[in-house]
Amino acid sequence: MIILADVLHRRRVATATAELEALLKADNDKRRSALHDSADRAGAGLAGHIIADAIANMEEAEREKERASRYVPAYCDPDNDRRGAKYEGTRGLSTKEIAARIRADIKAAQAAGTLDARLKISTRCEYFSGGSSIDCRITRIPDDLPLYNPDFLRHEAEHATGPFNPFRGEHHSPQFAEALATIKAIHAAYNRDNSDSMTDYFCVRYYGDVGTDWQVDRDRRKAETAAALSAEAKA
């Protein structure tokens, strides 16, 4: 399956890389030409040009070595700039307008059957001094749609005390994990992210995440844990 966002991202990275390489080549050509001019003024002839080329090659190698060893923050790397498939076409919209589109996309996915229509999802946007955010919260889950992986719940119950022993598998049930992935894809489709956590640099179109309402999560986790432990005792 071809993902439009990935195709556009690769094209953007290729363009930015080509532009950088062109600038470096122009700088190297300018330096090489200056060395040739110096050789001509000195009347060195062909031998002077050969020496000038050798000097230029050594200087280019040294500059390339220096660039390779220099730390470059992730946000300066064009490959770090991730943009959703619908980012470019909605650049002039506000966060509130983007939130409205996300709501519409979620409803469309439910109507198309790619997202469980029985899920109730709240999409809210917020503005603050550092930017804005869009949060999607699942506030209702049908009883026959398990939220958690029973193995994860049993593991948590068995290791509630004692040394830290994290569960290595998927925490959510396959059905709920798929629903979360669908909502996250819709949420990310309008976003742009060129952040670099190593330097605490954050540059996004909007913040926010996708998850389950904490009260719904608490109640379902409690009920599903009891069911998982009961099933294990009967086995």
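The legends below walk through a few close-up views of this structure. It is a predicted model, in which local features need pLDDT of at least 70, side-chain atom pairs count only at pLDDT 80 or more, and totals for chains, interfaces and linings use all residues. Residues are numbered from 1 along each chain as its sequence is written, and side-chain values use heavy atoms, leaving out hydrogens and water.

**View 1. A patch of positive charge gathers Lys 96, Arg 103, Lys 107 and Arg 124 on the surface.** Patch members have over 30% relative accessible area and no salt bridge, with like charges joined within 9 Å. Helix α3 (residues 95-112) gives the largest share, 3 residues. Lys 107 sits in this helix and is exposed, at 60% relative accessibility; exposed means over 50%, buried under 20%, and partly exposed in between, with a 1.4 Å probe and protein chains only.

**View 2. Arg 154 and Asp 151 form a salt bridge, their closest N and O atoms being 2.6 Å apart.** A salt bridge is a side-chain nitrogen of Lys or Arg within 4 Å of a carboxyl oxygen of Asp or Glu. The two residues are 3 apart in helix α4, so about one helical turn separates them. Arg 154 is buried at 18%, while Asp 151 is partly exposed at 43%.

**View 3. Ser 173 lies in the loop between α4 (150-158) and α5 (174-188).** With 3% relative accessibility, Ser 173 counts as buried. A polar atom of the Ser 173 side chain lies 3.2 Å from the backbone nitrogen of Phe 176.

**View 4. Asp 219 and Arg 218 meet through their side chains in a salt bridge (3.0 Å, N to O).** Asp 219 is partly exposed, with 43% relative accessible area.

How values were computed: Patches are made of residues with over 30% relative accessible area and no salt bridge: like charges are joined within 9 Å, nonpolar side chains (Val, Leu, Ile, Met, Phe, Trp, Tyr) within 5 Å. Accessible areas come from the Shrake-Rupley method with a 1.4 Å probe; for residues, only the protein chains shown count as cover. Lys and Arg count as positive and Asp and Glu as negative; His and the chain ends are not counted. The place of a charge is taken as NZ of Lys, CZ of Arg, CG of Asp or CD of Glu. Helices (H or I, at least four residues) and strands (E, at least two) are DSSP runs, numbered from the N terminus. A polar contact is a pair of N or O atoms within 3.5 Å; within protein, one must be able to donate a hydrogen and the other to accept it, and residues adjacent in sequence count only if both atoms are side-chain atoms.
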